[in-house]
Amino acid sequence: ESTLPAIFHKYIVSKVIAEGYKDPRNFDVNAAQYFDMEFEKGISRARKESQSDYTSTGFIKSVDF
């Protein structure tokens, strides 16, 4: 089971496609840059989402001395 939300799977696929276009047999710098950019957008979005989902369970308790 994957711990990565399904919406981010397409960004991983973009990175794999970019690596395929960097291979000398299929070299296409424009396509590689495009898919690398899509991957970076996904990383940025994932970082923002992971920071916004931060929750803390705690409470303030008064103490008398």
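Helices (H or I, at least four residues) and strands (E, at least two) are DSSP runs, numbered from the N terminus. This is a predicted model, in which local features need pLDDT of at least 70 and side-chain atom pairs count only at pLDDT 80 or more, while totals for chains, interfaces and linings use all residues. Residues are numbered from 1 along each chain as its sequence is written, and side-chain values use heavy atoms, with hydrogens and water left out.

**View 1**
Of the 65 residues in the chain, 15% are buried. Buried means under 20% relative accessible area, exposed means over 50%, and partly exposed lies in between (1.4 Å probe, protein chains only). Take the contacts between residues at least 6 apart in sequence: 43% of them join residues at least 24 apart. Contact here means heavy atoms within 4.5 Å.

**View 2. Helix 2 has 24 residues.**
Helix 2 covers residues 29-52. From its first C-alpha to its last, helix 2 reaches 35 Å. That is close to the 34 Å expected at 1.5 Å a residue. The expected span is 1.5 Å times one less than the number of residues. The buried residues of helix 2 are Ala31, Ala32, Asp36, Glu38, Phe39 and Gly42. Helix 1 is included in what covers them.

**View 3. Helix 1 and helix 2 cross at roughly 155 degrees.**
Two packed helices are described by the angle between their axes and the distance between the axes. Here the axes of helix 1 and helix 2 come within 8 Å and cross at roughly 155 degrees. That makes helix 1 roughly antiparallel to helix 2. Axes are lines fitted to C-alpha atoms, for helices over the stretch in contact, and angles run from 0 to 180 degrees between N-to-C directions. Angles under 35 degrees count as roughly parallel, over 145 as roughly antiparallel, 65 to 115 as roughly perpendicular and the rest as oblique. Helix 1 passes helix 2 in a left-handed crossing. A crossing is left-handed if the near helix is turned anticlockwise from the far one by less than a right angle, and right-handed if clockwise.

**View 4. Residues of helix 1 meet residues of helix 2.**
On the helix 1 side are Tyr11, Ser14, Lys15, Ile17, Ala18, Tyr21 and Lys22. They meet Ala31, Ala32, Phe35, Asp36, Glu38, Phe39, Gly42 and Arg45 of helix 2.

**View 5. Ser14 sits in helix 1.**
Ser14 counts as buried because its relative accessibility is 11%. Set aside its neighbours within four places in sequence, and Ser14 is in contact with Phe35, Glu38 and Phe39.

**View 6. Glu38 and Phe39 belong to the buried residues of helix 2.**
Glu38 has a relative accessible area of 17%, so it is buried. Leaving out neighbours within four places in sequence, Glu38 is in contact with Tyr11 and Ser14. Phe39, also found in helix 2, counts as buried at 18% relative accessibility. Beyond its neighbours within four places in sequence, Phe39 is in contact with Tyr11, Ser14 and Lys15. Phe39 and Lys15 are 24 residues apart along the chain, yet their C-alpha atoms are separated by 5.6 Å.

**View 7. Ring pairs link Tyr21, Tyr34 and Phe35 into a cluster.**
The structure holds three aromatic pairs. In one of them, the rings of Tyr21 and Phe35 have centres 6.0 Å apart and planes at 10 degrees, so the pair is stacked. This pair links distant parts of the chain: Tyr21 lies in helix 1 (residues 9-22) and Phe35 in helix 2, 14 residues apart. The rings of Tyr34 and Phe35 have centres 5.1 Å apart and planes at 80 degrees, so that pair is edge-to-face. Rings of Phe, Tyr and Trp (its six-membered ring) pair if their centres lie within 6.5 Å; planes under 30 degrees apart count as stacked, over 60 as edge-to-face and the rest as tilted. Tyr21 is partly exposed, with a relative accessible area of 29%. Tyr34 counts as partly exposed at 43%.

**View 8. Asn30 and Glu40 are shown in helix 2.**
Asn30 counts as exposed, at 54% relative accessibility. Asn30 and Ala18 are 12 residues apart in sequence and 9.7 Å apart in space, C-alpha to C-alpha. Glu40 is partly exposed, with a relative accessible area of 47%.
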